[in-house]
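Let's take a friendly walk through this structure, from single side chains up to whole segments. Keep the sequence and the 3D view open as you read.

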Amino acid sequence: MGGAGVEVGSRDRPCKWVQLPPSGPHTDQHGSQPWEDPGPAHTDGSVSHPQCAGEEDWVDSRTVYVGHREPPPGAEAYIPQRYPDNRIVSSKYTFWNFVPKNLFEQFRRVANFYFLIIFLVQLIIDTPTSPVTSGLPLFFVITVTAIKQGYEDWLRHKADNAMNQCPVHFVQHGRLVRKQSRKLRVGDIVLVKEDETFPCDLIFLSSSRADGTCHVTTASLDGESSHKTHYAVQDTKGFHSEEDIDSLHATIECEQPQPDLYKFVGRINVYNDQNDPVVRPLGSENLLLRGATLKNTEKIFGVAIYTGMETKMALNYQSKSQKRSAVEKSMNTFLIVYLCILISKALVNTVLKYVWQSTPFQDEPWYSRKTEAERQRSLFLRAFTDFLAFMVLFNYIIPVSMYVTVEMQKFLGSYFITWDNEMFDEELGEGPLVNTSDLNEELGQVEYVFTDKTGTLTENNMEFRECCVEGRVCAPHAVCNGQALPDASATDMIDASPGASGREREELFFRALCLCHTIQVKDDEEVDGPQKSPDSGKRSAYISSSPDEVALVEGIQRFGFTYLRLKDNYMELLNRDNDVERFELLEILSFDSVRRRMSVIVKSAAGEIYLFCKGADSSIFPRVIEGKVDQIRSRVERNAVEGLRTLCVAYKRLVPEEYEGICKLLQAARVALQDRDKKLAEVYEQIETDLVLLGATAVEDRLQEKAADTIEALQKAGIKVWVLTGDKMETAAATCYACKLFRRNTQLLEVTTKRLEEHSLHDVLFELSKTVLRCSASLTRDNFSGLSADMQDYGLIIDGAALSLIMKPREDGSSSNYRELFLDICRNCSAVLCCRMAPLQKAQIVKLIKFSKEHPITLAIGDGANDVSMILEAHVGIGVIGKEGRQAARNSDYAIPKFKHLKKMLLVHGHFYYIRISELVQYFFYKNVCFIFPQFLYQFFCGFSQQTLYDTAYLTLYNISFTSLPILLYSLMEQHVAMDTLKRDPALYRDIAKNALLRWRAFIYWTLLGLFDALVFFFGAYFMFENTTVTSNGQIMTSNTHVVFGNWTFGTLVFTVMVFTVTLKLALDTHYWTWINHFVIWGSLLFYVVFSLLWGGVVWPFLSYQRMYYVFIQLLSSGPAWLAIVLLVTVSLLPDVLKKVLCRQLWPSAIERVQTRNQCLSVEQPTVFMLSQTSSSLTF
Amino acid sequence: MAMNYNAKDEVDGGPPCPPGGTAKTRRPDNTAFKQQRLPAWQPILTAGTVLPTFFIIGLIFIPIGIGIFVTSNNIREIEGNVFMYYGLSNFYQNHRRYVKSRDDGQLNGDPSALLNPSKECEPYRRNEDKPIAPCGAIANSMFNDTLELFQVGNASDLMPITLKKKGIAWWTDKNVKFRNPPGTDPLEERFKGTTKPVNWVKPVYMLDSDEDNNGFINEDFIVWMRTAALPTFRKLYRLIERKNDLHPTLPAGRYYLNITYNYPVHSFDGRKRMILSTISWMGGKNPFLGIAYITIGSISFLLGVVLLVINHKYRNSSNTADITI
């Protein structure tokens, strides 16, 4: 809590305040007076007292002196407090600490640290290779990373500076002062004009609007673009000018900053002339958050309460937890294996060295004496340095460049997603976004997809379908298209002359829909006044956070009732007779997801007070005492099955006395400092009873384009699709049917609250598991015959309440029992629907599956703020760039415009990335086994003296330039199967499931292949040299050089064979030869040759040795060397080719079959293929 | 309710602040590269495509192997130029301490390196406060036996055979990499201030009487300085040039080899050899390469046959498998 100097003892103050005589610095008689009003506040306070010492939400409080004015003497002790200034710091480094801090961060990575150690060992002890060989690549990696991070941090600095320096208007001594934003302090009074963002969290004091409200959009905070209304503090909303506001004398007490955007509790003490403070409660409706923008309001005054890094926005800055892909995990496992191999190699060689040296003439023959210093070194020290030297010699087996290549592959490869034209959405004008490139390959490994329903599967584009008033149904189709066409259904109900009372109810129903909402009307046409005709076509001017409400109010327009606006707390609507009706808005009992309903209390022109309530059927029906419940219920259920979203509307008439009682209850609850939400909910519960049911509405949320197709493809790909929604069961199930998640023959299993009322959870689960397991037992028999099409489909439906029962740990501690059972059932269901889920429960489900014993890879996709938790939880989080704002997209790993793009994302991109990176990883290990194992073998022939086989330049450049580009390009371009085939045949996705290409078998195959190749290179060259035949060049041309080849020629021969083999091995693996592949593969071989010619062709003055001088050229001028190179390359490649061909022939995978089939097809139509090739080459 | 706060976002959202990067995402370019639709050749390794390759490899390798084998076995005929080698075994010229114990700068005639040899040469860097030229263990242990070849004539008289000393080292080594210290003075003057390697009998400037084969550019020395790859090695010692086309260079008969034994090998359990050989178009006598080529060629041919059988046998089954998917 940084510089927030909070006075001692404030922790338990809220309860003392109510309970005890004043004590503590802030509590005095004046302060507590208003609280002694009769009312529930007291009782509540005392009730909660036993709790407040321990578990209260309001942990700490702060006192803010508005305008830095001390409170009147005697009122409170003025304790100046220190808060951080309004500087936002999102940057990680400063100019000074960049180098040390960045280096520290980088070397915290195990791999970098390992290479640093190797480098240091090379510097300190006498090692066979020069420090350059490992220092240069490490330096390169570190520098590139540092530059990248430095650049990113510089951008952050720039953004921070722009933020911190943008001007803010302060009120100081009654005058307006412009200052930089960062100089803002807690307690300053700030003026914000229209379209400006709030510079910090402010308590809203007054507005230019007479009613003391302002409109705000929080698009950059939570993504909701709708306008929200905030209210100024009642006692200060009269202060309109700078002078006025400067005379304000008040203190604000509020909680210490908390990250929850929608919660705020505090109170303001306004000191009047009488020195008698007025206490007002402050809630989130009085709080203007940093990052939000002022709209439709000329200017407002506010006092800063949280600044800088303590604003709610900054507190919500949460660095996303690093997600690591399965490939990365197996890569790290392999690394550990190789590290073990490395250490054991070094150990073996060290031991053997000392065994070998035990005969004195081996240790120190006459021709190779040690220096005096060497002789005097202790045995232990010698052995240790020898061990380190061997480590250094073999350290290339774990290549630095692999990390660089993997990073580059991921970073560059992710561009193919953003570039994909097929995933571009014209409507939005946006394509997919890649927020992290670390997880590209994970897209090819998904086993579970958790999808949100609203906005993801469906369009979240609500359309009013029908309403049911008093049991009669009326649909507005006819009215909506033409001009009030007397359609059968529409006129039916109007003309049916339901009688006076019926007609009254009906009108009340429409009025209820017109009034019971939180819609704002866009003020563009405000000047036009209320006389605006409903037929002018300005229907889209409604703004609301809930699209259902807009759909309803727009739908009602077609029945002749138009909501006009809210003005001075009066709601105006135009009725069928084109008369303006005015209702005074008394209270709004706002919507929340627990109650699942909202209410308004309005006073009609005639002075009657109504409560209109609108909500989910399950939350309305139990509170209804009158009305045609049964008829409406049946209609609602029918609509729900059709996939419509239904709402019920009810009302009650209040007599003024009742209303006063309600007012008091509400007021009491609203000023409560503790558990305010809970108390409010209780009060709402009390108020919303004894309702009269008016009718129900049905709104359609259409399925997204190709949603069904996508889900079908995913299921065929072996991915289990779960729908997690907050919607109710019937609606959600209907959507599932519509998008083919459930089919006709799917047997639905239900674990719902309704069922749990009849049976215990235990019984239900056991019964279900019996059904499912019986089926799966028979399935395993059938599976062999491949009759997968006939299998009985099970679909599971579970609701939030039942889920929390399952998740709840049982009293005897055996919490996992039900979970296991539940997971068992789920595993055997082809589709699962979880309805009535709270956002956190969605994340819980994902977590449950994620940590189940198979550890499947999960993907969560959603579009709204309520999906963020599951998006963050899942292995891969995908946000749909949708209507409910961008918050999901921003928190996701990838964002796509539409649900249908998931298909290409997984089946094509995911598949490609997985194939590419797994080859990259395996190949890197392979080529370094090839590289280092001959070096290991050579030790047996050089007296374990750590003599290197290759020249330093070759050691350094092998991974950096000779063999790096082909694999990088492969890992960017490879397409083993055409994109269209992958899309057409989703089952191919199963081929790579469960990390198939990086399993131990594959890893061991590659390693053995590397070992075999290394043996071939080394012993091939060995036998050539042992028989000492490679001693001359072709003497046909000139007979004056009959040369003897030395150890460097030997190494160069091995190295040349190796570079060719390793590159050609990749060429054999490449299925997709574009001109770039040709260029890079042949180019890098050519580069090797040219480099070697150059390296050996010149006496390099900067080298202290000239051991490579003419070695390569002499080698190439010898006939047997050519013969050996050809032979050894062929032998090395032979087993791999053989394995490939045999596997393809005898045990072909699905992918290989498709490849073969396509091959046949393309052979049949060579001309067409050629034509398409030429035509597409033109477009490039 | 976690969200990723980013100052940049805020800048974008706030009109009072300077507008940040508001680059609107455009429709991506419809190029073949970006859409991953570059025209490409898509080869697949199937039995059908690989079969011919196996046969071709077999058909090419076996003749080559036979050719090599025959050529290398025919080398027995001592015709043409004959090469004389000395061989050492169990001599670790490739030991790291040994390999690095030289100063290429000194050997290239660099005057400063001549008088101040590299530290790598320790403990053969200085002797009695004078720099050793050539320094280092390799030079110090130069092979110094003398081999002389005589033909035993009819009357048991020994006819010496001319052994050519020059032309046994790489041309580039002799002319570029190895150079005597610069100057026009006699060699002895140019090496002034240095001392001979400890084990040597004569200083470096007295290796040969021929000015062009003396000092650092002595070819025996150059050959020795190219460290061998393996502990058993042979090095070219002399050339026996063919006199005329009609007679074999070394006709059948009795020969006498006179060895001046200077070089100790018993202390490290070593052996010495002398080898006479001619070379052909593909090098010296070389059973390995020929056998290897024949073996690989046969294996490849055999694999081709096996694949052919498999391909034939399983073609039908793989076709039916195609249908089920």
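The side chain of S918(A) reaches the backbone oxygen of I915(A) at 3.1 Å. Bear in mind that this is a predicted model. You will find S918(A) in helix 33 of chain A, which covers residues 901-939. Is S918(A) buried or exposed? Its relative accessible area is 1%, so S918(A) is buried, the cut-off for that label being under 20%. If you set aside neighbours within four places in sequence, S918(A) is in contact with L997(A) and L998(A).

Now turn to another serine of chain A. S852(A) sits in the loop that runs between helix 30 (839-850) and strand 32 (858-862) of chain A. A polar atom of the S852(A) side chain lies 2.8 Å from the backbone oxygen of I849(A). S852(A) counts as buried because its relative accessibility is 5%. Again leaving out neighbours within four places in sequence, the contacts of S852(A) are L823(A) and R827(A).

From single residues, let's move to whole elements. Helix 34 of chain A, residues 952-962, is mostly covered, with nine of its 11 residues buried. Among them are Y954(A), L957(A), Y958(A) and F962(A), along with N959(A).

Strand 24 of chain A, residues 609-615, is also mostly covered: seven of its seven residues are buried. Which residues lie on each face of strand 24 of chain A? I609(A), L611(A), C613(A) and G615(A) are on one side, while Y610(A), F612(A) and K614(A) are on the other.

Strand 24 of chain A has pairing partners to look at too. Strand 23 (residues 597-603) of chain A runs antiparallel to strand 24 of chain A and is joined to it by seven bridges, with V600(A) standing opposite F612(A). The hairpin of these two strands has five residues between them, and there G607(A) takes a positive phi near 90°. Strand 26 (residues 644-654) of chain A also pairs with strand 24 of chain A in the antiparallel sense, over seven bridges; here C613(A) stands opposite A650(A).

Finally, look at chain B. It is divided into domain 1 (47-75 + 285-312) and domain 2 (92-231 + 254-271), and the C-alpha centres of the two domains lie 44 Å apart. An unreviewed UniProt entry annotates residues 44-70 and 288-310 of chain B as "transmembrane region". In the model, residues 44-70 of chain B are 89% helix and 0% strand, with end C-alpha atoms 38 Å apart. Residues 288-310 of chain B are 100% helix and 0% strand, and their end C-alpha atoms lie 32 Å apart.

Methods: Residues are numbered from 1 along each chain as its sequence is written. Chains are lettered from A and ligands numbered from 1 in the order in which they are written. This is a predicted model: local features need pLDDT of at least 70, side-chain atom pairs count only at pLDDT 80 or more; totals for chains, interfaces and linings use all residues. Side-chain values use heavy atoms; hydrogens and water are left out. Helices (H or I, at least four residues) and strands (E, at least two) are DSSP runs, numbered from the N terminus. Buried means under 20% relative accessible area, exposed over 50%, partly exposed in between (1.4 Å probe, protein chains only). A polar contact is a pair of N or O atoms within 3.5 Å; within protein, one must be able to donate a hydrogen and the other to accept it, and residues adjacent in sequence count only if both atoms are side-chain atoms. Contact means heavy atoms within 4.5 Å. Domain bounds come from an automatic or database domain assignment. UniProt positions are given in the numbering used here, feature names are shortened, and annotations may be inferred rather than shown by experiment. Two strands pair if DSSP finds at least two bridges between them.
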